[in-house]
Amino acid sequence: MSKFLHLVVRNALRNRLRTVLTAGGSAFLLFVLVFMLTALTEMYAWEGAPATHLRVAVQHSTGLATPLPIELENYLRGEEISACAGHLIKLNWFGGYYQDRRNFFANFASDHKEWREVWDELSLPDELYKKWCSQKNAMVVGRGLAKRLGWKVGQQVTLMGTIYPVNPELEIVGCFTGPTPREEEQLFFRWDYLDELLGGRKVVGTFWIRARTLDDVARLKDLIDGHTKNSSDPTETMTEKEFGQQFAAMMGNIKGMIAILGSIVLVILVFMTANTVAMSARERVTEIAVLRTLGFRRSHILFLVVAESVLVTLAGALFSLGIALVLFNWLLLSPSPQFPVFLVEPGTIAVALGAAVLCGSLSALVPAIQSARRKIVDGLRYVG
Amino acid sequence: MSDPFAAAPSPSPSPAVAPASGPTREATVRVAAVAKTYYRDQQPIPVLENIDLTIQSGEFVALMGPSGSGKTTLLNLVAGIDRPSSGSVVVAGNDLHGMSERQLAAFRSRHVGFIFQFYNLIPVLTAFENVELPLLLTSLSKAERRKHVATALEVVGLSDRRDHYPRQLSGGQEQRVAIARAVVTDPTVLLADEPTGDLDKRSEEEVLVLLRRLNQEFAKTILMVTHDPKAAASAGRTVRIEKGALVAAPKDGQA
């Protein structure tokens, strides 16, 4: 197959302007696809990796806006729950911003004790963790977030509260790292410091528990929700995936909408490329007849035409992915990004490349079949 | 789906344009009672009628006749790129009747070298790559292909133009590259469709000398369609066709 590659490449480059325009069009359309898929991935990111499935969130059954009673912690630390759960923290979504409301990032007030055990995919060196534990107004920041906002260890930062009527003044004591930049786009400060600022009101947004085993996850849900069922503050205990899905549900059927838009993009790509391939094949009717006279089979011609089309759409896909990677990385490092984390996942790359191959193949199918089926003598006589 | 690039079922060609080992006089092409009718708007247009033609191995035959007499149609039937309406065409022992498209492609790849009037080189490929094209259908290694192409280009006297594109060659040179492409697989029969029809006098002479040399020195069996009596004179035998039927052939060597 490789011995025919130079013929495919030369044919693709025969009319350079047309090829560049087609590849450029493919690149644009596939960039739109990559953009949509990446946005979708970010929206559903909390649906989580398998490692997160051991974490269980406990929130008020009426929703996140209703706080949980602090007394529930006593039960959660009791013998019954401890048999299934290794670690527990209180976690409040603080929802603050830094200097400008557009500086959006995830910020939480969290128990510092057992923080590392519950968020075990985050890595914070021991000496920094100890410093966080020893200083009430300390906070730990994701490495990516600190880099983006130009924060340094030791710097004083004031977070402007939007949910709580306080503006905590915090000192950065360390940066943690995560498995992907997504986990590094958040910060944690101490829950007891927030509570102090709030005058000891003991407001708890959620409890997060790390189950000992996957079997314990289901058991915890039954135990906790059963325990609070007839109380004044019933709970809803859910896996981290379910916790993330409730946000996704708020966004409506985004997946369906993106699937429709993605399909439209691909259909446009198919028609656009098909037009180019058809023109190209029409110009080469005699050449194709000559190749067949030399002994090329119909399957060879099919392959050559389809491969040329796929080559052009693949070039477009690679270009679009390159642009996406550069652009999204730039957005990530930009001081006031509109998209705090925008990662092109390997799955998205695979979908873009697959779409390029599929659209390239589909576009070429009709011209390729026509070229392969045309009688040789008709091809030799053809006057384009 | 089978690999379209699997080597052709035919054996690899022997070294390109192997020199003649001695005269052999068996029939390479046997056309018997062939008729060909085309249809235009369902109206039959007979092009060939009851054609019988035998070409012995090592012969150089010129096929002459006025425009529309059916010369090229007959050539196409022998090449296996068209099918007769009736009758049989046997080339190198292969009865083309009933062969599938795939079998015909393999037959052409192994047994037929075709030379067109307008050269029909692939413009995006160099002379070397054009000559190499038919070898891509064989199981030859890259090194072997290079060797065969170099030999073929040497035979046509264009070794120094191997990296030139068709647009960088004169008409005569393009036709010589096309001849190298036709002989590079060492086919059983060379079929030339007015190979000098688009050339100036000097290039025409060069091509005819080359064809004669391929016939005499390398024992290539050649069937050449031509209008030109001078070109026909290069052949050992001339066959005339008029209104789709062979007419009494002149004596060998006469136009």
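Two strands pair if DSSP finds at least two bridges between them. Helices (H or I, at least four residues) and strands (E, at least two) are themselves DSSP runs, numbered from the N terminus. The model described here is predicted, so local features need pLDDT of at least 70 and side-chain atom pairs count only at pLDDT 80 or more, while totals for chains, interfaces and linings use all residues. Residues are numbered from 1 along each chain as its sequence is written, and chains are lettered from A and ligands numbered from 1 in the order in which they are written.

Chain A comes first. It has 15 helices and 9 strands. Its C-alpha atoms fill a box of roughly 90 × 45 × 35 Å along the principal axes. The radius of gyration of chain A, taken over C-alpha atoms, is 29 Å, whereas a compact globule of 384 residues would have a value near 21 Å by the rule of 2.2 Å times the number of residues to the power 0.38. The domain assignment, which is automatic or from a database, gives chain A a domain 1 (2-45 + 253-381) and a domain 2 (67-232). The centres of these two domains of chain A, taken over C-alpha atoms, are separated by 46 Å.

Of the 384 residues in chain A, 40% are buried. A residue is buried if 20 or more other C-beta atoms lie within 10 Å of its own, exposed if 12 or fewer, and partly exposed in between, with C-beta atoms placed from the backbone. Two residues are in contact if their C-beta atoms, placed in that way, lie within 7 Å. Among contacts in chain A with a separation of 6 or more, 82% join residues 24 or more positions apart.

Strand β8 (residues 206-211) of chain A is mostly covered, with 6 of its 6 residues buried. In a regular strand the side chains alternate between the two faces of the sheet. In β8(A), Thr206(A), Trp208(A) and Arg210(A) point one way, and Phe207(A), Ile209(A) and Ala211(A) the other. Strand β1 (residues 55-60) of chain A runs antiparallel to β8(A) and is joined to it by 4 bridges; there Val58(A) has Phe207(A) as its bridge partner. Strand β2 (residues 85-93) of chain A is also antiparallel to β8(A), with 6 bridges, and Ala85(A) is partnered with Ala211(A).

Next comes the contact between the chains. It takes 21 residues from chain A and 22 residues from chain B. On the side of chain A, α12(A) gives the most, with 6 residues. Helix α12 of chain A is also part of what covers the buried residues of α2(B). That helix, residues 101-111 of chain B, has 8 of its 11 residues buried, including Leu104(B), Phe107(B) and His111(B).

Last are the nonpolar cores, each a set of buried Ala, Val, Leu, Ile, Met, Phe, Trp, Tyr and Cys residues joined through C-beta atoms within 7 Å. The largest has 118 residues, and those touching the most other members are Leu30(A), Leu63(B), Val78(B), Ala180(B), Leu191(B) and Leu223(B). Helix α13 (residues 298-333) of chain A supplies the largest share of this core, 15 residues. Apart from this core lies another, of 47 residues, among them Ala57(A), Leu68(A), Ile89(A) and Phe188(A).
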